[in-house]
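Please keep the sequence and the coordinates at hand while reading.

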Amino acid sequence: MALICVATSFGQTSRGGLVGVYKSNGNSFERYSIMTLEANNRFVYKYGLGGCQGEVKGNWKVVDKKIVFENDAVFLKDSIIHYPNLGLTTWTVKTIGIKPEQAVDAGCLKDDNLHLKEGVISSEDFNVSIVRLIATPERYHERKVQVVGFMNLEFEGDAIYLHKEDYENGLTKNGFWVTFSTKLDRKEINKLNKVYVLIEGTFNKDRNGHLGLFGGEIYEITRIIKWGN
């Protein structure tokens, strides 16, 4: 389950503001999904997984603050190679990148991850461990982050911890107060109580939650999914 809402773009949703290179947050060695939006309303989508690699070109435009793609005809009529049809899903403009609303299916690779805009924020600075937030909170102050931890939800105690044991032993400085975007369904959020989760939100080192017990706050959380088994 993923709970995701539309966010504003990095400063603007105009065509000029969106031009750039976007790299999937799920990229790794021999796995990549890269979207390039060109100023002439052309796009180039490159993907690969091991020996399976490809490239698709076409046109893009913004409709209702979402990006709509249309493959060039040559990539729709090939009966031998399975090219991903970018027209099957719109992409949402997020604060630090763009994200397909459904997985882009290239046959060998499916990707529905946030694609971070090159030059806006690095994957390393977005995918942050709770240990790094605890050690260098000033580095991430008022920045969008994605973290994994143990979620506890209770009255005046909504927080994410480094480990389950930190929650059980009341080690609140190893955790962060959490607040969620009002666009998320609280009933769905509550289903993820006392499990490990991945969340995306904005970090503030000076907000320490109820009675100032926590190491900071991750607020305006726009995504939460269960992590692991």
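## Pairing of S1 with S10

Lys 23 has Leu 116 in S10 as its bridge partner. The model is a predicted one, and in it strand S1, which covers residues 20–24, pairs with strand S10, which covers residues 115–117, in the antiparallel sense over 3 bridges.

## Two lysines with positive phi

Lys 65 lies in the loop that runs between strand S4 (52–63) and strand S5 (66–71), and its phi is near 65 degrees, a positive value in a residue that is not glycine. Is the residue Lys 65 buried or exposed? Because its relative accessibility is 53% and the cut-off for exposed is over 50%, Lys 65 counts as exposed.

Lys 194 is likewise not a glycine and has a positive phi, of about 60 degrees; its place is in the loop between helix H6 (186–190) and strand S14 (195–204). Lys 194 has a relative accessibility of 39% and therefore counts as partly exposed, the class that lies between under 20% for buried and over 50% for exposed.

How values were computed. Residues are numbered from 1 along each chain as its sequence is written. This is a predicted model: local features need pLDDT of at least 70, side-chain atom pairs count only at pLDDT 80 or more; totals for chains, interfaces and linings use all residues. Side-chain values use heavy atoms; hydrogens and water are left out. Two strands pair if DSSP finds at least two bridges between them. Helices (H or I, at least four residues) and strands (E, at least two) are DSSP runs, numbered from the N terminus. Buried means under 20% relative accessible area, exposed over 50%, partly exposed in between (1.4 Å probe, protein chains only).
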